[in-house]
Every structure is written in structure tokens, then in C-alpha cells.
Amino acid sequence: MTDFSMLNGKTISFIGGGNMAHAIIDGLLQAKNQHNLALTLCVSDSDDDKQAKFRDKGLIATNPDNAHQIIEGADVVVLAVKPQIMHQVAGSIAPYLQQQTVLSIAAGLSIQALSHMLGGYDKIVRCMPNLPASKGFGASGLYAFDVSDEVRLMTQNIMQASGKVSWVEDESLLHAVTAVAGSAPAYFFYVLENMIAKAVEMGLSPEDAQTLAVQSMRGAAALAEENNPAVLREQVTSKGGTTAAALDSLYHDNVGDAFARAMQACSDRSFELGQTFSQAD
């Protein structure tokens, strides 16, 4: 069980209240309640309805014009806005940064680029999360350069509240994290979508098809957590059986190569977007 004591007495302020911020906040609220933490959560968002919903959950919520009110007293400021508007947002909050840790979940933007946008501020940690954090099954990659162990542990705890965390020692590896985790839920949704459609074509009801396909994926994931997927595949495949027939068809269609190409395309696009947004004025 994760020790969240590092978060006790801390204030975490989110700039942006979109889906990913919401997922991380829900995880932190759960950790706060389960571990009886004195944890203050704040959020800035331009949407009045979102502000109201966050307040209902016990957060301090404000609009971007008053974001400085939740930044100045924060221990961690989470940048949860789209990369396209990061220049504008970073410029507006930079004057209020002193000793806070900045945790960015903006895809593609390097620490160097973020520091430049923040007027040279360099107490920054980057994170590449994914949407299953909303159900407590997030998979996040973290990277930091020249920050203290305390900062590393604090940001790690923030993300562990909604899932599992891996640190990378080279910032460029966050592109690989994007390919294997950040964008990966969409791959699995695509597989499920096609499995369900074919099962319906075979005669199952849409409800039964979805239940069986999703449960099979959930069960396979549970097994793969503690076992080598290749070994598991061999264990469930009998020579000349139904599973072997299905796998032979996948091999014939080079599905493994297709997945590899998809992940490479994802990583390449992550790099390209980072370059584009980093150079934007």
C-alpha cells in the first residue's frame, strides 16, 4: 500500500479542470479520505459549471483571472491545460511562482520549453498520464531534472493516488510512455469495438458481446500483471485448437507489426507536437 503521508498538510492547485485533471483530483480525494490527510485541493477553470461541481466535492475553485489566489500558497501547481494554450497560461502564472513544484501533464512540452514559458522557472516535473486514472487504473510516466527527492516523492504520490507510476531517466522516453500508456487505452477500445461488432454479427446481443469481451480483457489484464504475456499466450493455446486458429489468422495479417507501427506513429507524433508547441509564440 502506498504511503501518502508526504501529501499531508499540502496544497495542490490545478490550472485547468478538464477530464485528466478531474481524474487525478478524484484519486487525490479518495486518498485524502482513506488516509485521513489534511490535503487542500484547488482548481482554476473558466467554466462556471465545472467550478460548481468541484466546489461540491470540497475543492476551492476559481476562474483564471483569480488563479493567483490558489497559486501563491500552493505546494504543487498542476498545469492541466492543452499544449496549444500553454504559452498564454504559463505567462499569466509565472509571476506567482516562488518555491512551488510545477507538475505538467501537457503532452509533448519539454521541461526546457516549459521553463522558457515560465520565465526561467525550473522546479518542474513532467507527467504523461492516461484516462483510466478516472477509475483508479491510471498508468503514468514521470520525468524530472535536478529536483529533490522530496519533490520526486510528492509528485509520485499525486499520480499514485489514481494508478501506477514509472519514472524515466531520459525525457525523450516520455514519447515511448505516450505510445505504451498515454494513448494505449484507445488501442484497447479499438480492439474491443471490433470484437464486439463481430460477436454481434455472429448472433450475440450487443449487451452480451460487450460484457463478454470486456470481461475477457479485464481477466487477461489481471493475469498479465504477474505473468509474462507470451507465456500466458502459449498456455491458453492448444495445438490445432480454436485459439491457435485465431492466432494463426492474426499472424497471417501481421497484427503484431501493425501494433508496432501504430506505437511508432504515436511516438513520432508526440515528438512532432512537442516541437510545434515548444516553438510557438
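**Entry 1: Thr178**

I looked up the burial of Thr178 and found a relative accessible area of 9%, so I record Thr178 as buried, the cut-off being under 20%. I note at the outset that the model is predicted.

I placed Thr178 in helix H7, which covers residues 174-182.

Which residues are in contact with Thr178, leaving aside neighbours within four places in sequence? I listed Met128, Ser183, Ala184, Tyr187, Cys266 and Ser270.

**Entry 2: the annotated span**

I consulted UniProt, where an unreviewed entry lists residues 171-273 as "domain: Pyrroline-5-carboxylate reductase dimerisation". I computed the content of residues 171-273 as 81% helix and 0% strand. The end C-alpha atoms of this span lie 15 Å apart.

**Entry 3: helices H8 and H9**

I turned to the packing of helix H8 (residues 184-201) with helix H9 (residues 206-224). Their axes are 9 Å apart, at an angle of about 140°. I therefore record H8 as oblique to H9, since only angles over 145 degrees count as roughly antiparallel. The crossing of H8 and H9 is right-handed.

Which residues of H8 meet H9? I found Phe188, Val191, Leu192, Met195, Ile196, Ala199 and Val200 on the H8 side. On the H9 side I noted Pro206, Ala209, Gln210, Ala213, Val214 and Met217.

Methods
Residues numbered from 1 in each chain as written. Predicted model: local features only at pLDDT ≥ 70, side-chain atom pairs only at ≥ 80, totals over all residues. Heavy atoms only, no water. Helix = DSSP H or I, 4+ residues; strand = E, 2+ residues; numbered from the N terminus. Buried < 20%, exposed > 50% of the residue type's maximum accessible area, 1.4 Å probe, protein only. Contact = heavy atoms within 4.5 Å. UniProt positions renumbered as here; feature names shortened; annotations may be inferred. Axes fitted to C-alpha atoms, helices over the stretch in contact; angles between N-to-C directions. Parallel < 35°, antiparallel > 145°, perpendicular 65-115°, else oblique. Left-handed = near helix turned anticlockwise from the far one by under 90°.
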